[in-house]
Amino acid sequence: MTGTDITGTANSGTAPTDRTPLRVGLVGYGLAGSVFHAPLIAASEDLVLAAVTTGNPERAAEARAAHPGVRVVATPEELWEDGAADALDLVVVASPNKTHVAIATAALEAGLPVVVDKPLAGTAAEARTLAALAEERGLLLSVFQNRRWDNDFLTLRGLLDEKALGEVQRFESRFERWRPLPKGGWRESGAPEEIGGLLYDLGSHVVDQALVLFGPVVSVYAESDVRRPGAEADDDTFLALTHAGGVRSHLYVSATTAQLGPRFRVLGQRAGFVKYGLDPQEAALREGLRPVPGGTTWGTEPAELWGRLGAGESPLTGGGTPVESLPGDYPAYYAAVAAALRGTGENPVTAHEAAAALDVLEAARRSAREGVTVTL
């Protein structure tokens, strides 16, 4: 298998080298902060949620109720001004996309390692500037690409490592939903500064996964539409990527799909792999379930949801052999971050990798706007 190395240099800053939990300041307590980051941080034996930033009184109350003893402040600056940075070992940025660069920059300049939710920035140039700042300061800068630890993705990586499909020719990846009515908010805003729309939201995931599996991209073609009445940002987008190694990736992100396609359909010279359904971890987190260190059921799914490997007959009519899904493992991301901060592991997702994905997203936006194929 050819692909992008998912490790990177781990610049740790001044994190403790013993097993004392690392103190985390979380910026933002909306969907990303409350559903993903805070629970995963709190469930980690290596981390402790020390502070949360939100200017919303209701969210502040929710944070205090869910995480007793957490310090809640109104602005990110309160986490590092006037010597407050000494009380933290890591800042996690889970605020709206348009704030990512400014907050990450301020935290790094205050001497704090940083995790930033995807997308790291609005442009690849901004991402590389942040990477340079982190390297200059000798600090960790990592990007939360949790879908690298989805059960289906881990299973597929295992099959590719085993060369179970032979040489891969086509990779189809779908992150589709049926949401015929817009929900509103900044994620669906058409204002360019908000960095909203599905291309930069779900597209950040499917592009990152394609790069990890099959390596650099040499050309990008995209179609991007705003289909729902009242919608402002793209809600139905398709990308066709040609990788340097010859694999073609077809990626779909949509909120307007009345009949959902397979999450993965991967075609090789010897066999194909088809997997329906989404990894169960997001749904579990939304329901208030939490991973337990040493537990055996987190991220698992029933056998009827396993993907199928084979050739010839469609999996929908019984073709192929079931492949047991590996457990999804979002906690592994923060375990890797903690190891990187202690100097015992590598950065699980580097800013340079995020910049490479943003190169593709920017090319896709241009391709869809101009109706051209963009060469990278």
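Helix 9 (residues 351-370) lies across strand 8 (217-225), strand 9 (236-243) and strand 15, and runs at about 50° to strand 8. Axes here are lines fitted to C-alpha atoms, for helices over the stretch in contact, with angles from 0 to 180 degrees between N-to-C directions; contact means heavy atoms within 4.5 Å. Helices (H or I, at least four residues) and strands (E, at least two) are DSSP runs numbered from the N terminus. The model is a predicted one, so local features need pLDDT of at least 70 and side-chain atom pairs count only at pLDDT 80 or more, while totals for chains, interfaces and linings use all residues. Residues are numbered from 1 along each chain as its sequence is written, and side-chain values use heavy atoms, with hydrogens and water left out.

Nine strands make up an open sheet with mixed pairing, in the order 14-13-12-11-7-10-9-8-15. At its edges sit strand 14 and strand 15 (374-375), each of which pairs on one side only. Two strands count as paired if DSSP finds at least two bridges between them. Strand 11 (residues 264-268) and strand 12 are antiparallel, with four bridges, and leucine 267 stands opposite glycine 272 in strand 12. Strand 12 (residues 272-275) in turn pairs with strand 13 in the antiparallel sense over three bridges. Strand 13 is also joined to strand 14 (residues 321-323) by three bridges, and these two run antiparallel.

Arginine 308 turns up on both sides of strand 13: this residue is the bridge partner of valine 274, and its own partner in strand 14 is proline 322. Within strand 13 (residues 307-310), Arg308 and Gly310 make up the uncovered face, whereas Gly307 and Leu309 make up the covered one.

As for the wider layout, the domain assignment (bounds from an automatic or database source) gives domain 1 (22-144) and domain 2 (151-329 + 347-375). An unreviewed UniProt entry places "domain: Gfo/Idh/MocA-like oxidoreductase N-terminal" at residues 22-143; UniProt positions follow the numbering used here, feature names are shortened, and annotations may be inferred rather than shown by experiment. Over that stretch, residues 22-143, the chain is 39% helix and 22% strand.

The C-alpha centres of domain 1 and domain 2 are 26 Å apart, and 26 residues of domain 1 are in contact with 28 of domain 2. Between them, about 2400 Å² is buried, with carbon and sulfur atoms giving 63%; buried area is the accessible area (1.4 Å probe) that two parts lose on being put together, summed over both. On the domain 1 side, Asn97, Lys98 and Lys118 lose the most area to domain 2, together 20% of what that side buries.

Terms used:
Buried means under 20% relative accessible area, exposed over 50%, partly exposed in between (1.4 Å probe, protein chains only).
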